Amino acid sequence: MNKIEFSESLRTIRMSPIISISEQVRKRAPDFQKETGKKFILFQRGEIDFPTPRYIVDAAKKALDDGYTKYPKSGGEDPLKDAILEKLRTYNKVEGLTRENIICTYGSQEALELSFKLFEGKKGAGFAPCWSCILENFVPYCKIDFTEVPLQADFSVDYAKLEQTLKGVAFFYLNSPHNPTGKLFTEEEVRRIVDLCRRCGVYIISDEAYERIVYDGRSHFSPLSIDDPLILGAYTFSKTYAMTGWRLGYLVTRNPDIAKLARLGDYTQTAGVVTFLQHAGAEALRNRQEEEKALTLMVAEFQKRRDALYNGLRQIGGIQVEKPEGAFYLFPNFTKLMPSNLDAEKRKHYVYDRLMEKGIASVYGSAFGKYFDDNVRLSFSTTPLADITEAIERMKQVFA
Ligand SMILES: Cc1ncc(COP(=O)(O)O)c(C=O)c1O
């Protein structure tokens, strides 16, 4: 048989380390339970343990009964686009858009993939730490030469470094609220970053997956509220409405050329998002009363978990930890608690391994780029309060 080298971009994609960590947990958990009588505590995934709100599930059933079972309109169904436009106006303060500025996608994953595809073979940048999927999937898939701009230890921005990098790239990936740190970039920070990008003629891919998961009464500032065709926004239903399995998202751009290309890309890849799901998505956005009820409940619970985990980690001397203002992750640093003689490779998994031995699943910092090997990501989106308390006790046994 003729030996063919299949697509380089597909061959160079790497599987998310988070999936292999979950595999490892599945294998280890039974033995751990047998030996200790205790269960594994899971902090590794970005899944959500709340159900999709009833009103959205009902809307999907109704859309099926109403016969929305045929091919969707290219780029997205009108009722969904209209609901998105209204949401963008009222929540994101994004004015002056029409249906033409929106492309409905399979999760923000597809919106981001289309955005990265626009810059295939070019240079791009984003802050480190950086969501692993960008580094493992989109960057190799779209053959991007990607520069990581490290945030400082307290996750503040080094603007001099940023400006230097922006001079040589086509786009900047900005994610706020941020995975894996839980940082919510302030309006001032976003404006300054956007300003620098505009001065350098750099496009901005704004990943706002966690836009509604914010704490302590804070609010998220959307770069897209700044009227500039350089800015693309990637949005999702996954986190706001606990709809991770529905795969519903959208891309927003003021640039007509980008909108046209994204629509072509979306059509080529999928020919559009499942029609009846789009109609349920429209209802998710339109029913503000039900939305508010479900979201308030979920965010209040996440905030309790954040507080428990943050306060618990602070009790263990030597851990440097920032309080997340959004999303559902903490990204503590363990440098002070690590043996000084570890070689670079061992260092990458040291904390992760110690936690694993105690039946705690985390994600090692090196999954999020090259600057944060001494950190781990702890996701509290599926971890009940009692498990968080137990995890802190176990961590004290290792590190206190
Ligand atoms: C920062 C960030 N962006 C985008 C996504 C993609 O989510 P979805 O494809 O479900 O919309 C995720 C998922 O975890 C994420 O963490």
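How many nonpolar, polar and charged residues does the shell around the ligand have? By class, 2 are nonpolar, 10 are polar and 1 is charged, where Ala, Val, Leu, Ile, Met, Phe, Trp, Tyr, Cys and Pro count as nonpolar, Asp, Glu, Lys and Arg as charged, and the others, Gly among them, as polar. The structure is a predicted model, in which local features need pLDDT of at least 70 and side-chain atom pairs count only at pLDDT 80 or more, while totals for chains, interfaces and linings use all residues. Residues are numbered from 1 along each chain as its sequence is written.

The ligand is surrounded by 13 residues, of which Gly107, Ser108, Gln109, Thr236 and Ser238 are the closest; a residue is near a molecule if its C-beta atom, placed from the backbone, lies within 6 Å of it. Helix H5 (residues 107-117) contributes the largest share of this shell, 3 residues. Helices (H or I, at least four residues) and strands (E, at least two) are DSSP runs, numbered from the N terminus.

An open sheet of 7 strands shows mixed pairing in the order E2-E8-E7-E6-E5-E3-E4, two strands being paired if DSSP finds at least two bridges between them. Strands E2 (102-105) and E4 (145-150) stand at the edges with a single partner strand each, so one side of each lacks a neighbour in the sheet. Within this sheet, E6 (residues 203-207) and E7 (residues 231-236) pair in the parallel sense over 4 bridges, and serine 206 has glycine 233 in E7 as its bridge partner.

A further open sheet comprises 3 strands in the order E9-E12-E11, with antiparallel pairing. Its edge strands, E9 (329-330) and E11 (363-364), each pair on one side only. E11 and E12 (residues 376-379) are joined over 2 bridges in the antiparallel sense; the bridge partner of valine 363 is arginine 377 in E12.
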